[in-house]
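Trainee: I'd like to learn how the terms get applied here. Can we go through the structure together?

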Amino acid sequence: MTIDTVELAAKTPDQPQPWDELGLKEDEYQRIRDILGRRPTNAELAMYSVMWSEHCSYKSSKVHLRQFGEKAPESDALLVGIGQNAGVVDIGHGYAVTFKIESHNHPSYVEPYQGAATGVGGIVRDILAMGARPVAVMDSLRFGPLDADDTHRVLPGVVAGVGGYGNCLGLPNIGGEVVFDPSYAANPLVNALCVGVMKHEDIHLANATGVGNKVVLFGARTGGDGIGGASILASESFDDTKPSKRPAVQVGDPFMEKVLIECCLELFEAKVVEAIQDLGAAGISCATSELASNGDGGMHVQLEKVLLRDPSLTPGEIMMSESQERMMGIVTPENLDAFLAITAKWDVETAVIGEVTGTGRLIIDWHGETIADVDPRTVAHDGPVYERPFARPSWQDSLQADGPESLPRPSSGDELRGTLLRLLASPNLTSKAWITDQYDRYVLGNTVLAQPEDAGVLRIDESTGLGVAIATDGNGRYAKLDPYTGAQLSLAEAYRNVATTGARPLAVTDGLNFGSPEDPAVMWQFAEAIRGLADGCQALGTPVTGGNVSLYNQTGDAAILPTAIVGLLGVLDDVGRRTPQGFRESGQVIYLLGETRDEFGGSEWAWAEHGHLGGRPPSVDLAAERELAEILVNASRDGLIDAAHDLSDGGLAIALAESVLRYGVGARVWVPDGLDPFVFLFSESQARAIVAVPRSEEVRFTDMCSARRFSHQRIGVVDDGGVLDLQGQFSVPVDELRTAHGSTLPSAFEA
Amino acid sequence: MRVGVVTFPGSLDDRDAARAVRVAGGEAVALWHGDADLRGVDAVVLPGGFSYGDYLRCGAIARFAPVMERVVDAARGGLPVLGICNGFQILCESHLLPGALIRNDHRKFVCRDQPLRVESAATAWTSGYAAGQEIVIPLKNGEGGYVADQRTLDELEGEGRVVVRYLGDNPNGSYRDIAGVANARGNVVGLMPHPEHAVEALTGPGTDGLGFFTSVLEGLVRA
């Protein structure tokens, strides 16, 4: 085998190179040549091609993402912002929480189980690298139509993968969402969120500093999996007996990752490691160049020291491999023995592969010959940046003009009753228990609320009851109608969900899933969504701490619905005060908070009943969202309410049904004067919630709402009759609601 | 009273088991799979999770752990031992309990609040319950189907060694709805559901699981 060295590259400037097959554009390849002053070696080409890919470099999105920093609201809570493995938020009492959402969409379509499993594994390692103990995961999933054949291939595998990996790591899954839409057929979205906890002093940044410090690779061995387009690198080898066509999807081993988590936490605790970087996309190329460029700027690696699963791998393949469950550590020479003793205790294989230098260069040798010699910043940070053209699509006006006003509406009691039962059984509103029952929500013993609650709530500190709440939301239909408003509506819903549990909203992570950035219409959706989200975060005082961009989610010319998934984290000073979703106590009074308007554009009713998507999404009022959140948080703290549920998809009727179903009680509800029953029951007006108020607290509660001039209407009473009674309209036994709500997924997947 | 909780590589519910011991009023002592040392504890819990990855068969490798040699010897001498989920699988693989756990009949992992009936209060871990008492504690497993040959099952039933039984839908295909069994002496109990996840009302479906831990602590005080 001939190894392509820096020396050889300097002598053979005209040797053809497979830059095109590696996904580089001609001008990008030329830029690499200009940076190096020669042609890149094969290993260098491999590094630049993966690190300059859309996935790693954010080259199409960077110019827009800057707004999250520029418009970031003042926040005392932010300890580490965008740019590190994950953002870190102060929650008080010396505790810090780190959380981030990440996509694994394309791999999950190709191989649903492994794609989803390694999506969970990757985000967990990001959290771990910050020095935090991972304490929970959530998953935000999008699939094609429930009745499509391919959904029956993809969904069970994704669910089993998310569950299999998370369950095996011992991380409770505390929530998420599942949405079905034809645009996600062949483009499923698998966004996984992980949250971790540490003390302030334990925050670690992934920087390679300290000349002479050792670079250590530990965890699973490096194999040939997860090499995108690696067949090209066969050109490096003239030996055609070696395996070609490496699989592009990584294969995970959650047991290895569980051991790696415990091992890393023990390394941090023993203070024998300066920094840890996880190996995710672009493997060693990414870890070495990011560690080096964030630190003193130099690193020398002897690549042949990497422990291999497959000895036939070429240096370029080793650089690009995305084998899972690997970590890179920076260790001082004095601590090396102690470091190795801990990895040995956990039976984690470890190799010292290099050291930090002061040269400003990342130099990689292969058996004594230099195969890469680059400025790490040019690989990790100075990738191409594109100002992609964007333009409001020509169809946007006609889409917005095609409102839901002309759709036939139910009016009689029987029609309203039928509408409720059909909506409860519709794919997007049905119970997701068939999915969430495959996830362990109990492990670690700190789960206070999990699905189907509005947000997941975790206890962080047993002695004080300090805890956090997290919700993920993302409404692609609203965003299709108006991406600026739609992104804000996703933010508003996540914000509302967190506040509904009684938590004070603090910070945001975002998963931005869109079609091709080369389509100006998609790029316009993307730009508008980011502008909306950044403005919204500024108005709500919740900074974006980090996240993920996934582009090219499209088939042919058809892009997915623009899907900005917002993960929002809030804090509860005492999780014992959390407000659950379900009505429980007979006699408590049900209040509807917020204004109800005739808003059905992009609604679940229009979609499920009429297959209609058009018009304008509900109007957004972030000041009202803030006011509502303060009412919910104060009411929780002061013990004024016993249950609360936010109003979103499907409107009030769905929220009422879910609230009585939780504990199997009943409720009597009346339509306020002057409101149309259909609008009252199914409108998706924002900044609304329902609450159950003990009679003893009713005056205090209404006084608080009045003082804030926030609309509150007494709409019903909880009872133990086992019936949801919409007085003067219809009544439904709770058992009938339960059958309608609970049967859809089991009958779709168990048949 | 000191109750040891063993951590194998891949154990997941070891912290929860230790918390349950503390909530019940005991002292939890961490035991390490690689140490053939029980550190003088008065009882042992083998927690849930995936010991050594369970690539071969759940619990099949864990039975060979250095700590298990001591656990097996001590259990034969009467030391109270509770195996939860993976711990139950390890006890079966170690032949401290009869039968085996196989993949759930519906082939999926299941996590739910599971109603159970305590069939026997004559064990070290259930003496605080009344026989026939109905309780709800979380169940979460992928390989929780309890199987044994007919003679063994008849023997278990005849000797009152079925400790807990599933109520309602059988969640995993376990023979005769068996959720947990004991050895003849009653000091060794294994069950698939997780009593350690039902010791605080805030984080569990209730506190019905606490009795497993208070039972053994009270038994030790009496002894």
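Mentor: Leaving aside neighbours within four places in sequence, A:Val468 is in contact with residues including A:Ile91, A:Leu458, A:Ala503 and A:Val571. This is a predicted model, where local features need pLDDT of at least 70 and side-chain atom pairs count only at pLDDT 80 or more, while totals for chains, interfaces and linings use all residues. Residues are numbered from 1 along each chain as its sequence is written, and chains are lettered from A and ligands numbered from 1 in the order in which they are written.

Trainee: What makes A:Val468 and A:Ile91 count as in contact?

Mentor: Two residues are in contact if their C-beta atoms, placed from the backbone, lie within 7 Å. A:Ile91 is listed for A:Val468, so that pair meets the cut-off.

Trainee: Which residues touch the most other members of the largest nonpolar core?

Mentor: A:Val468 and A:Val691 do, in a core of 240 residues. A nonpolar core is a set of buried Ala, Val, Leu, Ile, Met, Phe, Trp, Tyr and Cys residues joined through C-beta atoms within 7 Å. Buried means that 20 or more other C-beta atoms lie within 10 Å of the residue's own (exposed is 12 or fewer, partly exposed in between; C-beta atoms are placed from the backbone). There's also a second, separate core of 67 residues, with B:Val6 and B:Tyr52 among them.

Trainee: How much of chain A counts as buried?

Mentor: By that cut-off, 60% of its 751 residues.

Trainee: What makes strands 15 and 16 of chain A a pair?

Mentor: Strands (E, at least two residues) and helices (H or I, at least four) are DSSP runs numbered from the N terminus. Two strands pair if DSSP finds at least two bridges between them. Strand 15 (residues 456–459) and strand 16 (residues 467–473) of chain A are joined by 4 bridges, so they qualify, and they run antiparallel. One bridge links A:Arg459 to A:Gly467.

Trainee: What order do the strands of that open sheet follow?

Mentor: The 6 strands go 14-15-16-21-17-18 (chain A), with mixed pairing. Strand 14 (447–449) and strand 18 (544–550) of chain A are the edges, as each pairs on one side only.
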